[in-house]
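This report describes selected features of the structure shown below.

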Amino acid sequence: MSEHGLSLAQQKMRQAAVAEQAIDVFSHYYRALEEGATGLIPEESIEPLTQIDSIDAVEVSEEQARQALSRTVMIKLNGGLGTSMGMDKAKSLLPVRDGKSFLDLLVEQVQAARARYGVTLPLIFMDSFRTREDTLAALARHPGIEVEGLPLDFLQNREPKLRADDLTPVEWAADPELEWCPPGHGDIYTALVASGVLDALLERGYRYAMTSNSDNLGAAPSARIAGWFAASGAPYAPEMCRRTPADVKGGHLAVRKSDGRIILRDTAQTPPEQMHFFTDQFRHPFFHTNNLWFDLQVLRDTLVARKGILGLPLIRNSKTVDPADPSSTPVIQLETAMGAAVEAFEGAAAVEVPRSRFLPVKTTNDLLLLRSDVYEVDADGLLQMVREEACTVSLDPRYYKTIKDFEARFPAGAPSLRGARSLTVEGDWTFGAGVVATGDVKVAADGAPGTIADGARL
């Protein structure tokens, strides 16, 4: 039955003009699923990675840094719609500071680095079919950001969701778009080849790629890290941050006992009964930021040698065809993680970076903090925290989870959080202008919608 399912899936992908390289990769993971692969990495099969270089401790000259950056391309993962916050367009288009979106600030960061170091530094987005049109329209408002001979984006591939009962492509007449899913951000390597972008970059003399999520404004161009990476000779290197109790969900690197390779393990790859090991910040002291550096030529050579398949670990994701309807058909999505490529490259390294390089926005809690006076934007478009430790924000998800609800309750913008250690809001409250929070603040539910008056001191 499953061989029939693979044939149907391949046919569906070809009819949708999915690249043959992507179909080959999907077929590889389909067969792995058929053979019972779970993608789980038990604790007893790994050794924690506890010692890595710190970027603050390495020596990199200004000229080394500039030379390395001159051969670097910035690639931003931009396929997400921000659906968890109720958005229906690319999350990178969400206003963050002074009316500027993530995308606007990313462009400013790249332009500032170009001017400072005298480099071309291409900025290229990996879009999905759902984010491409809006993203290119937004980039058109930034003339000069494109680099001659290179596109501003390339498309992430897509694949069919599979029925959990027989592994055939699911059908969903109510919304046929929901029959498809992205293959996870591990698809970046296949998409770079299939789009022709990898060859175009190599032909123009670019050697290194720095990749990160478009909602992480901390992952700005870094000549220093580029210089370290080039000098290290490593083919691949993720940026890591030291874990705190707030980072229990972040994936971590470990050493596989069977072959001594560095590997990435995410929550979905951890046996449920071993999650206490995964979340132990002392056992696994670093978390993976999803800011990655890789050698474009080594990637090309490796893909040629492996016939286009890096062989990243499978992530078996069980969902329903309509994520908003738990009663809809159960499906399996075949995914891989971009960071899992660390095990595909002999000699891969890792580097510890400051926490300031990890500022993702996954919830409206993160967004409120980023919009507040805890951060300032400098001349290079970089977000600088004006205090040593950020305030912890917890907004009642019943009233603040979606962007629409969040914006309605902060019509005058974020309150001042510079003097606050924590802000917890329970219930339905609308904040006025000039509100200032100090210390540990808790706004308790009042049973009915309430208003925090203009200029209130909490």
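## Salt bridges

In this predicted model, a search of the whole structure finds 29 salt bridges. One of them joins the side chains of Glu-43 and Arg-283, with an N to O distance of 2.5 Å. This pair links distant parts of the chain, 240 residues apart: Glu-43 is in the loop between α2 (20–34) and β1 (46–48), and Arg-283 is in the loop between α9 (275–278) and β15. Glu-43 counts as buried because its relative accessibility is 3%, under the 20% limit. Arg-283, at 31%, counts as partly exposed. Glu-43 and Arg-283 also belong to a network of salt bridges that includes Arg-265.

The side chains of Arg-207 and Asp-295 meet in another salt bridge, at 2.7 Å from N to O. Here too the pair links distant parts of the chain, with Arg-207 in the loop between α7 and β11 and Asp-295 in strand β15, 88 residues apart. Arg-207 is partly exposed at 26% relative accessibility, whereas Asp-295 is buried at 7%. A further salt bridge connects Arg-261 with Glu-346, whose closest N and O atoms are 2.7 Å apart. Arg-261 is in the loop between β13 (252–256) and β14 (262–265) and Glu-346 in the loop between β17 and β18, so the pair ties together parts that are 85 residues apart in sequence. Arg-261 is partly exposed, with a relative accessible area of 22%, and Glu-346 is exposed, with 61%.

Helix α10 spans residues 296–305, and its buried residues are Leu-296, Leu-299, Thr-302 and Leu-303. These residues are on the same side of α10, because they cover an arc of only 125° around the axis. An α-helix has 3.6 residues a turn, so residues three or four places apart point the same way.

The buried residues of α10 pack against β3 (72–78), α6, α7 (197–203), β11 (208–213) and β15 (286–295). The exposed residues Val-304 and Ala-305 are carried on the face of α10 turned away from its buried side. Just after the helix, Lys-307 takes a positive phi of about 55°.

Gly-184 is buried, with a relative accessible area of 12%, while His-185 counts as partly exposed at 29%.

Beyond the residues up to four places away in sequence, Gly-184 touches Gln-156, Glu-335 and Thr-336. With its neighbours within four places likewise left aside, His-185 is in contact with residues including Leu-77, Gln-156, Asn-290 and Thr-336.

## Glu-335

Glu-335 lies in strand β17 (residues 330–335). Although buried, Glu-335 has no salt bridge; Lys-319, the nearest side chain of opposite charge, is 5.0 Å away.

The side chain of Glu-335 makes polar contacts with the side chains of Asn-317, at 3.2 Å, and Gln-333, at 3.0 Å. Among the residues that Glu-335 touches are Pro-182, Pro-183, Gly-184 and Ile-315.

Lys-362 lies in the loop between β18 (351–352) and α11 (364–371) and is partly exposed, with a relative accessible area of 41%. Its side chain and that of Asp-215 are joined by a polar contact of 3.2 Å. Residues up to four places away in sequence not being counted, Lys-362 touches Ser-84, Met-85, Lys-91, Asn-213 and Asp-215.

Lys-401 is found in the loop between α12 (397–400) and α13 (403–409) and counts as partly exposed at 48% relative accessibility. Ser-84 and Met-85 are among the residues that Lys-401 touches, as are Thr-364 and Asp-396. The C-alpha atoms of Lys-401 and Gly-196 are separated by 39 Å, and the two residues are 205 residues apart along the chain.

Note on methods: Residues are numbered from 1 along each chain as its sequence is written. This is a predicted model: local features need pLDDT of at least 70, side-chain atom pairs count only at pLDDT 80 or more; totals for chains, interfaces and linings use all residues. Side-chain values use heavy atoms; hydrogens and water are left out. Buried means under 20% relative accessible area, exposed over 50%, partly exposed in between (1.4 Å probe, protein chains only). Contact means heavy atoms within 4.5 Å. Helices (H or I, at least four residues) and strands (E, at least two) are DSSP runs, numbered from the N terminus. The arc is that of the directions from the helix axis to the C-beta atoms. A polar contact is a pair of N or O atoms within 3.5 Å; within protein, one must be able to donate a hydrogen and the other to accept it, and residues adjacent in sequence count only if both atoms are side-chain atoms. Lys and Arg count as positive and Asp and Glu as negative; His and the chain ends are not counted. A salt bridge is a side-chain nitrogen of Lys or Arg within 4 Å of a carboxyl oxygen of Asp or Glu.
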